[in-house]
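The report below goes through one protein chain, starting from a single residue and its contacts and ending with the chain as a whole.

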Amino acid sequence: MTVRDLLLDHLEVTFEKETWQPPLGMAVAGLTARQAAWKPSSERHSIWQIVRHVLLWKQGALDAWEGKVVSAEDLEGRDWQEVAGDDAAWQADVRALEEITGRIKERVRALDDGALAQRIPTYAGEPDQTLAIRLARMATHDIYHAGQIRYIRALQGL
C-alpha cells in the first residue's frame, strides 16, 4: 500500500464510507435547516456551524496546498459565525462540503508518494508539513466533528 492509497482510504472513511464509525457525509445527511441550526444551549455550536467550520478549515488546507498562506488567526476570526437560513441554504452548505472533499480526493488521486511528501505551508509563521500529513489531519478533523454532529442529532432525537 502506498501513502497515496492510505490517504485516499482515510479520506473516504472519514467522509463518505461507513466502517466502524459513521463518516461526516453521513452525519449531515437528511437534516433540515431547522435541525442543523439547533443548539443544545446558547454556548454550544449547531451542526450547521460545525459544517461551516469544517468548510473553512478544509479551504484553508486547500489554500495552503496551492501556496496561499493564511494565518490561523485569520481563519479563527472568521470561524463559528451564527447561521440562519432555509433548507436551500443548508443544502448549499452540505453540497459545498461534498464538493471541496471531492476536489481534494481528485487531486490526491493524481499524485504519487513523492508529491505527497512535499512540504507545504501550515499557517503563516508556523512550520511547514508534508502534504500527506496536512491532508490526513484534515480528514481526522472531519471524523472528530462527525462524532459531535451525531451526538447533537441524538440530543434532538434524530
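## Leu-62 and its contacts

Apart from neighbours within four places in sequence, Leu-62 is in contact with Ile-100, Arg-103, Ile-104 and Arg-107. The model is a predicted one. Leu-62 belongs to helix H4. Its relative accessibility is 3%, and because buried means under 20%, Leu-62 counts as buried.

Val-94 is 32 residues from Leu-62 in sequence, and their C-alpha atoms are 18 Å apart in space.

## Helix H4

Helix H4 covers residues 47–65. At 1.5 Å a residue, its 19 residues should span 27 Å, and the end C-alpha atoms are 27 Å apart, which agrees. H4 is mostly covered, with 17 of its 19 residues buried.

Gly-67 follows H4 and has a positive phi, near 85 degrees.

Which residue other than glycine has a positive phi, near 60 degrees? Trp-80 has this value. Trp-80 sits in the loop that runs between helix H5 (72–78) and helix H6 (87–109).

The relative accessible area of Trp-80 is 30%. Buried means under 20% and exposed over 50%, with partly exposed in between, so Trp-80 is partly exposed.

## Val-108 in helix H6

Val-108 is found in helix H6. With a relative accessible area of 0%, Val-108 is buried. Leaving aside neighbours within four places in sequence, its contacts are Arg-4, Leu-7, Leu-8, Leu-11, Trp-65 and Leu-135.

One of these contacts, Leu-11, lies 97 residues away from Val-108 along the chain, with 9.7 Å between the two C-alpha atoms. Leu-7, Leu-8 and Leu-11 are among the buried residues of H1, while Leu-135 is one of the buried residues of H8.

## Helix H1 and its cover

Helix H1 is made up of residues 3–15. Its 13 residues should span 18 Å at 1.5 Å a residue; the end C-alpha atoms are 18 Å apart, in agreement.

The buried residues in H1 are Leu-7, Leu-8, Leu-11, Val-13, Thr-14 and Phe-15. An α-helix has 3.6 residues a turn, so residues three or four places apart point the same way. The cover over the buried residues of H1 includes helix H2 (24–28), H6, helix H7 (113–116) and H8.

## Ile-120 in strand E1

Ile-120 is part of strand E1 (residues 119–120). Is Ile-120 buried or exposed? Its relative accessibility is 7%, so Ile-120 counts as buried.

Not counting residues up to four places away in sequence, Ile-120 touches Ala-64, Trp-65, Asp-128, Gln-129, Leu-131 and Arg-134. Arg-134 is 14 residues from Ile-120 in sequence and 8.3 Å away in space, C-alpha to C-alpha.

## Helix H8

Helix H8 consists of residues 131–155. At 1.5 Å a residue, the 25 residues should span 36 Å, and the end C-alpha atoms are 37 Å apart, which agrees.

The buried residues in H8 are Leu-131, Ala-132, Arg-134, Leu-135, Met-138, Ala-139, Asp-142, His-145, Ala-146, Ile-149, Ile-152 and Arg-153. Two of them, Leu-131 and Arg-134, are touched by Ile-120. Just after H8, Gly-157 takes a positive phi of about 80 degrees.

## The chain as a whole

The chain contains eight helices and two strands. Along the sequence they follow the pattern α-α-α-α-α-α-α-β-β-α. Among contacts between residues at least 6 apart in sequence, 74% join residues at least 24 apart.

With 158 residues, a compact globule would have a radius of gyration near 15 Å; the value for the chain is 16 Å, which agrees. Along the principal axes, the C-alpha atoms fill a box of roughly 45 × 35 × 25 Å.

## Surface and charge

Of the 158 residues in the chain, 41% are buried. The accessible surface comes to about 8300 Å², and carbon and sulfur atoms account for 53% of that surface.

Note on methods:
Residues numbered from 1 in each chain as written. Predicted model: local features only at pLDDT ≥ 70, side-chain atom pairs only at ≥ 80, totals over all residues. Heavy atoms only, no water. Helix = DSSP H or I, 4+ residues; strand = E, 2+ residues; numbered from the N terminus. Expected span 1.5 Å × (residues − 1). Buried < 20%, exposed > 50% of the residue type's maximum accessible area, 1.4 Å probe, protein only. Rg over C-alpha atoms; globule rule 2.2 N^0.38 Å. Contact = heavy atoms within 4.5 Å. Areas by Shrake-Rupley, 256 points an atom, 1.4 Å probe, with all protein chains shown as cover.
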